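I set out to record what I looked up in this model, entry by entry. The entries begin with charged side chains and then turn to the fold as a whole.

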Amino acid sequence: MKNNIKAKALKSKTAKRLMRSVFFAGLLSLASCESSLDQINDNPNDQATIDPKYLLTYVSKNTFQVNGDNMYASRMMIGTDGENTYQYMKWDNTSFEVYTKQLLNTVKMMQEAEKINNKNYIAVGKFLRAYHFFNISLRVGSAPYSEAVKGEFGITQPKYDTQEVIMSGILSELKEANDLINTNDKIEGDIVFNGDAQKWKKLINSFRLKILMTLSKKTTVGNYNIATEFASIAGSQPLMTSIADNGELKFVDAADSRYTMFNNSGYGSSLYMADYFINLFKDRKDPRLFTFAAQTTGAKENGKAITDFTGYNGGNPTSSYSDNAELITAKNISKVNDRFYKDPTNEPSSVLSYSELEFILAEATARGWISGSAKIHYDNAIKASFTFYQTYVKNPGQYFAGFDVNQYLATPLVVYNNSAPLQEQVEKIITQKYMTMFHQAQWTSYYDYLRTGFPNYPLKPGVPAPFRFRYPQSEYNYNSANLKAALSAQYGGNDNINSKPWWLQ
């Protein structure tokens, strides 16, 4: 596996007839991921009707998958069979297919919900829109937003909105979503919360806080004062309170519903753990390591216990893949735990967990945005992470027997000090937050690194960590005037991965 471990695992094989559109070409052709959607006419001009529950299932299934590329960029895993562009910080153009697959289906779901006057599908749709536009903008900077996914209205070349406009806009959409959510309208086809509107409300408000914290380098975004808005939401709106509220997808052992990386060949052959990530756990005697990594071959042959920290070792993410391959020959490098590719259900995949929310609240407290104890939120976040793995990892006793989380929280490298300087508090928070995100939260750990500088990723001399992706080639082909105007306004016309976007300035 060379560049991208998502590969076919991220594509929906049973999607018999997908909704296909190129937003910049103005095409709208409806289909679906469920056989019952065959009622839809293939004529792109036909105003077909479809139950929004099918679209919700399809969009959710794709939105909540694991993103494996971040594991390389965030120094958690390495490849040994070729130069991985994410591991070596050499990525280039991104894709805008999220517009044509996720956002188009989301907008259609909301349109269909309006026909039946179901406000909850509209609210969930606003969350999904916000989630995807948030990630699109973090990847590139300015992007089509206000005019995006409007090909059916004749907008075939949407203008680019600034990152600030996008972030302000999605905060407003999430506020609207929070106001719309109700206990009367059913949410069928909901594979995330099984129709529980209150849990969607908690996720929506928790995600508002995530966006605001991501913008911690700024004071305002649009008409929002970031710290004030954060405090208002945290103090008045329902938020996640346990791992039962996690915004996550649970997998089942059925076609097209199995864990994202199930049967991924690279995991069984050429993917190994990065020493930077492993050492954080070894230094803290943190047993979550055993759920992520496999023992080295040498440790197995020597009969070391699975809970012996000396039996785990990683490769250097900045070294050449051939140098790391030598560790395989020496039987001194850990593979990824085989549950990630052998267990069809494995663990749920989250876009935002209760643990992450508590880390966000801890950081907000440390920064003075809200009152209270950052340590309490920090401790809650770590406890929630351990609860997650003890709940979802098969046979957790083999990893966690005799473990006491309260003792762990009191160890020197883990214990939190509310009186420490802000940077020290932020480093402690972000490091532990990073340690919860192996195969979780998609690109969040990398964006936290760009925002805070923590944890301190190892980088090859002369190869900085990119701030963004280049725009898709398709935009140069079909929407070049708007793209070039956006490039000129943001980056002096240069579409460079090392150009710093607004949110980091």
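**Entry 1: charged pairs.** I looked up the salt bridges (a side-chain nitrogen of Lys or Arg within 4 Å of a carboxyl oxygen of Asp or Glu) and noted a network that links Glu363, Arg367, Lys433, Asp448 and Arg451. The search of the whole structure gives 25 salt bridges. The model is a predicted one, in which local features need pLDDT of at least 70 and side-chain atom pairs count only at pLDDT 80 or more, whereas totals for chains, interfaces and linings use all residues. Residues are numbered from 1 along each chain as its sequence is written, and side-chain values use heavy atoms, with hydrogens and water left out.

Glu97 is bridged to Lys101, with 3.8 Å between the closest N and O atoms. For burial I used relative accessible area: buried means under 20%, exposed over 50%, and partly exposed in between (1.4 Å probe, protein chains only). Glu97 counts as partly exposed because its relative accessibility is 44%; Lys101, at 30%, is also partly exposed.

The second pair in helix 3 is Lys108 and Glu112, again four residues apart. Their closest N and O atoms are 2.7 Å apart, and both residues are buried.

I next looked up Asp495 and Arg468, whose side chains meet in a salt bridge of 2.9 Å, N to O. This pair links distant parts of the chain, 27 residues apart: Asp495 is in the segment after helix 21 (480-491), and Arg468 is in the loop between helix 19 (444-452) and helix 20 (473-478). Asp495 has a relative accessibility of 11% and so counts as buried. Arg468 is buried at 1%.

**Entry 2: nonpolar core.** I looked up the nonpolar cores, each a set of buried Ala, Val, Leu, Ile, Met, Phe, Trp, Tyr and Cys residues joined through side-chain atoms within 4.5 Å. The largest holds 143 residues, and Tyr99, Phe230, Phe438 and Tyr446 have the most contacts inside it. Helix 4 (residues 119-140) gives the most to this core, 13 residues. In soluble globular proteins, nonpolar side chains tend to be buried together.

**Entry 3: overall fold.** I counted the secondary structure as 21 helices and eight strands. The radius of gyration (over C-alpha atoms) is 22 Å, close to the 23 Å that the globule rule gives for 505 residues, so the chain is as compact as a globular protein of that length; the rule is 2.2 Å times the number of residues to the power 0.38. The C-alpha atoms fill a box of roughly 65 × 50 × 50 Å along the principal axes. Of the 505 residues, 58% are buried. I also looked up contacts (heavy atoms within 4.5 Å): among those between residues at least 6 apart in sequence, 73% join residues at least 24 apart.

**Entry 4: single residues.** Asp245 is in the loop between helix 7 (226-236) and strand 6 (247-249). Asp245 is buried at 3% relative accessible area and touches Phe193, Lys199, Lys202, Leu239 and Met240, not counting residues up to four places away in sequence.

I then looked up backbone exceptions. Most residues other than glycine have a negative phi, and most peptide bonds are trans. Phe454 and Pro455 are joined by a cis peptide bond, with omega about -15°; Pro455 is in the loop between helix 19 and helix 20. Arg75, not a glycine, has a positive phi of about 65°. Arg75 is in the loop between helix 2 (69-73) and strand 1 (77-79) and is buried at 2%. Asn346 has a positive phi near 50°. Asn346 is in the loop between helix 13 (339-342) and strand 8 (349-352), and is buried at 5%.

**Entry 5: confidence.** I last looked up pLDDT, the predictor's confidence in each residue, from 0 to 100. The chain mean is 91, and 91% of residues reach 70 or more. Over residues 1-46 pLDDT stays under 50, and the model has 122 contacts beyond four places in sequence for them. Where pLDDT is low, the predicted coordinates should not be read in detail.

Definitions and conventions. Helix = DSSP H or I, 4+ residues; strand = E, 2+ residues; numbered from the N terminus.
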